[in-house]
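Here is a friendly walk through one model, written for someone who likes cut-offs stated plainly. Please have a look at it before reading on.

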Amino acid sequence: MTIKLGVPSKGRLMEKTFDWFGARGVTLSRTGSDREYAGAVEGVDGVDLVLLSAGEIPRELAAGRIHLGVTGNDLIQEKLVQWDQKVEPLAPLGFGHANLIVAVPHCWVDVDTLDDLDGAAAAFRARHGFRMRIATKYHRLVRDYLRRGGVADYQLVDSQGATEGTVKNLTAEAIADITSTGETLRANHLKILDEPPVLESQATLFRSRVADKTDADRVVLRALIERLGV
Amino acid sequence: MAQDIPYKSRVRIEAEAICDGFVAAGAARFETDILLSAEVLLDLYGEDIRARAYVTTDPERGEMMLRPDFTVPVVQYHMSGDGLPASYTYFGEVFRKQEDHPDRRSEYMQVGYEEFGGANAAAADADVFGQFSDALAPLGLRAATGDIGILIAMVEGLNTTEDRRAALMRHIWRPARFTALVKRFAGLTPVPPSRAALLASDVGLPEDGVMIGLRSEREIANRIDALRADAAQAPMSSEIVDLIAAVLAVSETCPNALEHLRDIAVDLPGLLPALDRFEARCEAMVQRGIDVDALPFEASYGRTSMEYYDGFVFGFYSETRPDLPPVATGGRYDALTRRLGQGRENPAVGGVIRPDVVLELGGLR
């Protein structure tokens, strides 16, 4: 048995994760060709690197197939029911910052708060005969947020990409999406509600609470966690 | 040997027996599909139901939902008929995601009984409650009752603007939001800066003038007008705030609750027709042999359940097993028949029993 560490398999998230571990004396690298998702760990024994899509890491942690994993807490909280019973956040990694926010057309000068959104949704439904559509891929988080905010008369419509364009394309009236700088929103004539975000997310190192461990694994895991200083 | 009978068979046997009891009392058997068109259900219940129901897609029929309850199909069936008084009973599986209670079953059996067209609402309420009470009597359950109609009458009777009453009416079923609105209308919470700025200035469209989306400039202007009109109104008085709190806090036996509410109605006469209906129901219950003097009444009961109840609401709970879901719940839903009746309506009251919970408590057979 070895300790399995799941890390995003490509892009800036992978590079910054490698940097973060490297700065703590644990060198992660991809091995083989550029197209092969295999990796190596140096600086600590008994740890296997598993390269995965960031979106799959929550499920792998919850299933106990990896012991540690790096992913955004937005994905953990959206994809795992009762996430805190399945994984434990060990350390925020200080990159991959993004907020899950609700945004409405910039021209909605009367809408800045959830209270406004609810009022506008009531009038919209009365006028158009259907519930105000909010495009998102974060259904659970957004639904909980709007329920707690007391918003009624809306419906979520699924959007797995180019969500900012849905309002202009008349397939949604508002959106809920991840944003880091808000530039794409502004370019699409949208504004963020003047409320706390649905979620503040960043890349985070998580520990699976359910993965099987031998006594030897526990020693390795303790050594790794000590090395990382988390 | 009893323990050799599979669990689901024992639940089904329990369900059949309860259902047979309703048939013996004159109800017709009702059956419906497990896979239902999602459209009507989503439009009625909104995202609350999407969070709790299993939605799937059919290439030809679009979004489909595993039956989350029988109420909508039975109302649709009844409303498509001749409209004469009728009562129905059914049992079958319903499906609900249990994200907040992963230990609870997501597929379980319901037995229902629904009465339509009873011209005497008090008698129909008493009869349905009485049938549930009789059927469940061996289990020694605690009953809870309430009346959403009293809350609706309370809001309708408030001495405030039509818009404020409409806003409160929309949120009767969301207690936290309802309370927040009451506080805002009473001027007890600060106006958000964005709202203050909007009201103070002659806000027009943003400088770039770009209009996107279905919501038109006219709609935006209309809402700003409505907000300005509301801001020009005096805050709701502290007397009104206190009256609302007093009504919502009523929690006593039925006769005491009625007396207490009649005291409140001195300052809120809009309650009176709903209280007369409450009193008539109590009398009908006495006639049906229900011990009304010991029956609890909570004005806030039923506020967080499905939005369709608009009158009498009730539930039966195990006092020894508070970990279990309610054994039975029900209520009056006249407004739902109006929404699904395509121009027609029919008074309706009914409820459901969980035979698996009945079995857990020792069973009725």
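What follows covers an annotated site and then a chain contact.

This is a predicted model, in which local features need pLDDT of at least 70, side-chain atom pairs count only at pLDDT 80 or more, and totals for chains, interfaces and linings use all residues. Residues are numbered from 1 along each chain as its sequence is written, while chains are lettered from A and ligands numbered from 1 in the order in which they are written.

An unreviewed UniProt entry annotates a "binding site" that includes B:F70 and B:R303.

Helices (H or I, at least four residues) and strands (E, at least two) are DSSP runs numbered from the N terminus.

| Residue | Loop in chain B |
|---|---|
| B:F70 | between β4 (62-66) and α4 (71-79) |
| B:R303 | between β9 (296-298) and β10 (312-317) |

Why does B:F70 count as buried? Because 24 other C-beta atoms lie within 10 Å of B:F70; the cut-off is 20 or more for buried, 12 or fewer for exposed, and partly exposed in between, with C-beta atoms placed from the backbone. B:R303 is buried because it has 20 C-beta neighbours inside 10 Å.

Contact requires C-beta atoms, placed from the backbone, within 7 Å. Leaving aside residues up to four places away in sequence, B:F70 touches B:T32, B:Y90, B:Q110 and B:G112.

Between the chains, 30 residues of chain A contact 29 residues of chain B. On the chain A side, α4(A) gives the most, with seven residues.

Conventions:
UniProt positions are given in the numbering used here, feature names are shortened, and annotations may be inferred rather than shown by experiment. Two residues are in contact if their C-beta atoms, placed from the backbone, lie within 7 Å.
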